Protein chains: 2
Amino acid sequence: MPSYFTSAPGKVILFGEHAVVYSKVATAGSLGLRSYNLVQERTDGAIEVNFPDVQLVRTWRSSDIPRQARWEGYPYPPSTMNTELVDQLTKFVDLAEHTNRSHAAVALLYLHSYLSTDEIASSGYDFSVRSDLPVGAGLGSSASYSVCLATALLQLNGHLSSSITAGWTVAEQRDLVNQWAFQAEKVIHGNPSGIDNTVSTLGGAVMFKKGEKIKPLPGFQSLRFLLTNTRVPRETQVQVANVRKLHDKFPNIVNPMLDAIHEISVSCEELFSQPGLDRSHLLTRFGELVDVNHGLLTALGVSHPVLEKVREISSRIGLKSKLTGAGGGGCALTLIRDDVSPETVAEVKRLLEAEGFQCMETQVGGHGAGILTLEQPMSIEEFLSHDKAYFEAATHNWTYFE
Amino acid sequence: MPSYFTSAPGKVILFGEHAVVYSKVATAGSLGLRSYNLVQERTDGAIEVNFPDVQLVRTWRSSDIPRQARWEGYPYPPSTMNTELVDQLTKFVDLAEHTNRSHAAVALLYLHSYLSTDEIASSGYDFSVRSDLPVGAGLGSSASYSVCLATALLQLNGHLSSSITAGWTVAEQRDLVNQWAFQAEKVIHGNPSGIDNTVSTLGGAVMFKKGEKIKPLPGFQSLRFLLTNTRVPRETQVQVANVRKLHDKFPNIVNPMLDAIHEISVSCEELFSQPGLDRSHLLTRFGELVDVNHGLLTALGVSHPVLEKVREISSRIGLKSKLTGAGGGGCALTLIRDDVSPETVAEVKRLLEAEGFQCMETQVGGHGAGILTLEQPMSIEEFLSHDKAYFEAATHNWTYFE
């Protein structure tokens, strides 16, 4: 009975939020906070889903699930989403529409429809997910789910092993995972940018620009951050519209600001491409870019008093912070240089948590999608009881598409 | 016995601080806070100076004062400062060197050397100044002193009336005051930019750019501000050096930021040149420029937690603030739109003062240098006992160079 863990990270925008709307380059990195999945074949023809983070617990008889299409083994999924199938599956799962639960279930069954072989479909499988990522915080939780899902179904149904037999490179396999994860993201979001699933699949950091292919940031080194969720809901649409208004009123002021933000990503890329640059120097420079980018976002009007509070508290101890994502609330990133003591980090966390914020120590730039083959099946209860430390234990030999 | 009041305003930078170092346009305005001077002829050949704000109280016998040069009536003062005379006068006044007191006394006697007629020098005069401007806060207190001084000595010695007889225009007389005030500023500062004395002489608002003539901002309307002195000393040299370092490290990022700041002054000029724009619309736009400029200054790294505190408190009540001057402490400006109630202003003041800041309600864009002829002499004690409201009483018919 094949049994696998899959895992995929969330993402944060490091530089370039908002400017990306105006065709400037932005930089995003994979987050140390991840989703973990257990997928394992059954014998009774049932598909059992457990995703406690979105209160999704369901068991279906595989033979009841509407299927329309099978993946014929051409390299990539069809480029357009099969909306008829999405509608059918939405009716079938019968969960409150437009909820995370319904989206997660439909995305699973949508990929099942394309990717499951007759053999796997008739034997059934368990599909369980647990995540360290807060949902709806702009940290790519749905992409991390989508990448786990694509990796799991490609692996369970033998598509990855047959691609290896067919001589595919690692990059091609990775692209296969990413494309199917993008399909799942389309089911969930309608019109995703593709950035979140790409960062989650590739890991590390990427640069992206409207209408151009997302490219990995070469030489990117893993960085430590304190990620602070202000618990003030971010307001993506409102903030994007406000920046548009400011831009239209004062194009001669706002355009060079967007150019400056663009150049922050370019400078970040240059920073990591200097092989001789020592780490502490690199971190100092990176912190300066963090500071400048936040100031420019403030100038664009997308900060919020709670985000400024994070800046104020962290700057007292010499740490650099910026908002990440659309702003108006949401999350902030605080760079933790290598020379910052654990006591200092604990002190900053204490001060931030005293403001009612939620803090997570994490890193940016780690692995992307991973697979771990289990030697024997695991109960769903056991899987769900494990924490991050268990999955990342040194004895676990994860395979990444690297 | 001729007896005059003269008066001149301080200045604030509205937009463009720091960018001006990189040859971008900046905007400054005259401040509602002013210095007031009483100058009146005596009969005993004494020159008595009272300037309580810098603890300067002195009486000299006019005949003891070293004089080297007389102004020969050519339009403007010599372009270079007479350093030998400055040295002589510094020794003569015998006040602790490099103090405000010593500078103020030397500047007075320096202009006395050039401008006093033999008749005035032998009769002597009282010269008293009181100021609403905090000293050393970047609000042009020394320029306001220098403009009072130049206006007073030009008036007392008949140079202004003889220039009128000679057919000089008001603009030429104003230029004469400004040039002599600039001389006094040179004595005080060594190498002043000339902006402070120009704003103080002209009033209203001006735009300026390195190497170009300072020009008045046409159509500028007087604006109300809350001026907050954070009481954290500003750090002009440190901040200018820090911006330089950031510029040199990341020229491709910082240059477009400086361009954006330049465009803020250009947009401000455009705002006031739209004759049809209603006042509330103008104030909203102006507030947006305030916000953007502060964000850009933050991005340049010259803000300070106390300045962010001013922003936070004022933004809670929907008011826009920016730091003014070099930053790293110093003062912030909060725009008071016409629709803001006195209760709201009082509330913001209360909150800011609770932080230990000093708040002054004032306006920007008022009159420049003024003269008022007194019908009878006034005692120095009486002069010094009067407040702003007395000098600005409606019954006082000040003459401005407008």
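**View 1. A salt bridge joins A:Lys249 and B:Glu288.** In this predicted model, the closest N and O atoms of the two residues lie 2.5 Å apart. Between chain A and chain B, the count of salt bridges is 2. Residue pairs in polar contact across the two chains also number 2, counting pairs with both residues at pLDDT 80 or more.

**View 2. Helices of chain A face chain B.** Four helices each supply at least two residues of the side of chain A that touches chain B: α8 (236–249), α9 (251–272), α10 (279–299) and α11 (305–316). By class, this side of chain A holds 11 nonpolar, 4 polar and 8 charged residues.

View 3. A:Phe250, A:Ile253 and A:Val292 supply 23% of what chain A buries against chain B. The contact draws 23 residues from chain A and 22 residues from chain B.

**View 4. Helix α6 of chain B runs from residue 170 to residue 189.** The helix has 20 residues, so at 1.5 Å a residue it should span 28 Å. Its end C-alpha atoms are 28 Å apart, which agrees. Just after α6(B) comes B:Gly190, with a positive phi of about 85°.

**View 5. An annotated domain covers residues 116–204 of chain A.** The unreviewed UniProt entry gives this stretch as "domain: GHMP kinase N-terminal". Over residues 116–204, chain A is 64% helix and 9% strand. The end C-alpha atoms of the stretch are 30 Å apart.

Methods: Residues are numbered from 1 along each chain as its sequence is written. Chains are lettered from A and ligands numbered from 1 in the order in which they are written. This is a predicted model: local features need pLDDT of at least 70, side-chain atom pairs count only at pLDDT 80 or more; totals for chains, interfaces and linings use all residues. Side-chain values use heavy atoms; hydrogens and water are left out. The expected span of a helix is 1.5 Å times one less than its number of residues. UniProt positions are given in the numbering used here, feature names are shortened, and annotations may be inferred rather than shown by experiment. Contact means heavy atoms within 4.5 Å. Buried area is the accessible area (1.4 Å probe) that two parts lose on being put together, summed over both. A salt bridge is a side-chain nitrogen of Lys or Arg within 4 Å of a carboxyl oxygen of Asp or Glu. A polar contact is a pair of N or O atoms within 3.5 Å; within protein, one must be able to donate a hydrogen and the other to accept it, and residues adjacent in sequence count only if both atoms are side-chain atoms. Ala, Val, Leu, Ile, Met, Phe, Trp, Tyr, Cys and Pro count as nonpolar, Asp, Glu, Lys and Arg as charged, and the others, Gly among them, as polar.
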